[in-house]
Amino acid sequence: MIVFSLCFLLVSSPESVLSQMLSASSQALALSAELCGVYVVWLGILELVEASGLSQKLAKLLHPVIKKIFNLKDQQTEELIAMNISANMLGLGNASTPLAIKAMKRMDSGSPVASPAMIMLIVINASSIQLLPTTVIGLRQAAGSTCAADIILPTLITTICTTLLAIVLGKLCQKIFKRRFK
Amino acid sequence: MSLYILPLLFLFIFVYSHFKKVSTYDTFIQGAKKSIPLVIDIFPYIAAIMIAVALLRSSGITALLAQWSSPVFNFLGIPSQLIELVLLRPFTGSGSYALLSDVLALYGPDSYISRCACVILGCSETIFYVTTIYMSQTKVKKLLYAIPVALICSTIGSILACLLCRIM
């Protein structure tokens, strides 16, 4: 990507290359400072959510649903997945990743082909069921929006739709592949 | 209604933590402490992506790309100004935040395009990155239909996001 653009620029305007790169990097520094402010607020609040046991509560609520979707025999893996998804819903990305890795490890049978439950975990995580798009709201506020939170509702509707679609498509593909291999 | 969601949520979290006998101040500090290392971690990625995008833009490649693909994006109802964002999103999280802040500055945070960009980012995930990390400790090599299904869902999410921003 960079090589391509450099070749292009060599022909069109070689004098602007360095100035473009430098102004981009100082913009990146400004953005990082903004992000830092956003993270202070949200990471502080999210720490409270974790410490007060709210995230475990949500995981408990999700457990029956997870049982239906994943169809696993292993109780502990189900719990890990429930905690992973609830952490994702709250925007606790750093807390959710190790949980998912652990769950994947427990589901790993040593075969090179992913099991349906593993794929379901990927697909659900990829469609991201975020209840609060924390960073996006923060950046929008920092840019001077008059009502930064008014994207919550459309985001929520979209994310619920895509997650449902992911589950349905995942189940559908599971059936198609099963038939093909039998 | 959206106006009250966040303040009420914050109030609820603080009151609930207080009832659970969590020391709110210390816990908040513990969480806030993590922000600086996190930003230091992602800063080089943000800088690299922003430099690459700046070069791409000034070389005129993105303009060409946008011109070619705009019929497709128009058909899907996604503003052609968001082409970079939609294409980059599955690969890099910090990079897409860099692009988002660009869009916010360029078109104003309350414009239709910015709202679309916010909703698209809010409801999508860095598919390739997440998948690599999740599978890193297993022996799985074949993911069958996982990636296509994830990409289809996020594309439909982007279309729906632009649609909802128009009516809401």
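Chain B and chain A meet through 79 residues from chain B and 79 residues from chain A. On the chain B side, helix α3(B) gives the most, with 15 residues. This is a predicted model, and the predictor gives the complex an ipTM of 0.82 and a pTM of 0.83. Chain A has eight helices and zero strands; chain B has nine helices and zero strands.

**The interface, seen from chain B**

- Seven helices of chain B each supply at least two residues to the side that touches chain A: α1 (2-19), α2 (24-33), α3, α6, α7, α8 (127-134) and α9 (146-167).
- By class, that side of chain B has 52 nonpolar, 19 polar and eight charged residues.

- Helix α6 of chain A (residues 116-126) packs with α9(B) at an angle of about 20°, the two axes being 9 Å apart.
- Angles under 35 degrees count as roughly parallel, and α6(A) and α9(B) are therefore roughly parallel to each other.
- The crossing in which α6(A) passes α9(B) is right-handed.
- From α6(A), the contact uses Ile119(A), Ile122(A), Val123(A) and Ala126(A).
- From α9(B), the contact uses Ala146(B), Val149(B), Ala150(B), Cys153(B) and Ser154(B).
- By class, this contact has eight nonpolar residues, one polar residue and no charged residues.

**Within chain B: α3(B) and α6(B)**

- Helix α3 (residues 35-59) of chain B packs with helix α6 (residues 93-107) of chain B at about 55°, and their axes lie 8 Å apart.
- At that angle, α3(B) and α6(B) are therefore oblique to each other.
- Their crossing is right-handed.
- On α3(B), the contact residues are Ile42(B), Tyr45(B), Ile46(B), Ile49(B), Met50(B) and Val53(B).
- These meet Ser94(B), Gly95(B), Ala98(B) and Leu99(B) on α6(B).
- The contact of α3(B) with α6(B) has eight nonpolar, two polar and no charged residues.
- Both α3 and α6 of chain B also belong to the helices that supply at least two residues each to the side touching chain A.

**Within chain A: α2(A) and α7(A)**

- Helix α2 (residues 17-51) of chain A and helix α7 (residues 134-142) of chain A pack at about 130°, with axes 9 Å apart.
- The pair α2(A) and α7(A) is therefore oblique.
- The crossing of α2(A) and α7(A) is right-handed.
- Glu34(A), Val38(A) and Trp42(A) make the contact from α2(A).
- Thr134(A), Thr135(A), Gly138(A), Leu139(A) and Ala142(A) make it from α7(A).
- By class, the contact of α2(A) with α7(A) has four nonpolar residues, three polar residues and one charged residue.

**Chain folds and dimensions**

- From the N terminus on, the elements of chain A run α-α-α-α-α-α-α-α.
- Chain A has a radius of gyration of 21 Å, well over the 16 Å that the globule rule gives for 182 residues, so chain A is more spread out than a compact globule.
- Taken along the principal axes, the C-alpha atoms of chain A fill a box of roughly 65 × 45 × 30 Å.
- Along the sequence, chain B follows the pattern α-α-α-α-α-α-α-α-α.
- The C-alpha trace of chain B spans about 60 × 45 × 30 Å along its principal axes.

**Confidence**

- Chain A averages a pLDDT of 85, and 97% of the residues score at least 70.
- Among the elements of chain A, helix α1 (residues 2-12) has the lowest mean pLDDT, 74.
- The highest in chain A is that of α6(A), at 90; α6(A) is the helix that packs with α9(B).
- Chain B averages a pLDDT of 86, and 99% of the residues score at least 70.
- In chain B, confidence is lowest in helix α4 (residues 61-76), at a mean of 82.
- In chain B, confidence is highest in helix α7 (residues 112-122), at 92.
- Helix α7 of chain B is also one of the helices that each supply at least two residues to the side touching chain A.

Technical notes. Residues are numbered from 1 along each chain as its sequence is written. Chains are lettered from A and ligands numbered from 1 in the order in which they are written. This is a predicted model: local features need pLDDT of at least 70, side-chain atom pairs count only at pLDDT 80 or more; totals for chains, interfaces and linings use all residues. Axes are lines fitted to C-alpha atoms, for helices over the stretch in contact, and angles run from 0 to 180 degrees between N-to-C directions. Helices (H or I, at least four residues) and strands (E, at least two) are DSSP runs, numbered from the N terminus. Angles under 35 degrees count as roughly parallel, over 145 as roughly antiparallel, 65 to 115 as roughly perpendicular and the rest as oblique. A crossing is left-handed if the near helix is turned anticlockwise from the far one by less than a right angle, and right-handed if clockwise. Two residues are in contact if their C-beta atoms, placed from the backbone, lie within 7 Å. Ala, Val, Leu, Ile, Met, Phe, Trp, Tyr, Cys and Pro count as nonpolar, Asp, Glu, Lys and Arg as charged, and the others, Gly among them, as polar. pLDDT is the predictor's confidence in each residue, from 0 to 100. The radius of gyration is taken over C-alpha atoms; the globule rule is 2.2 Å times the number of residues to the power 0.38.
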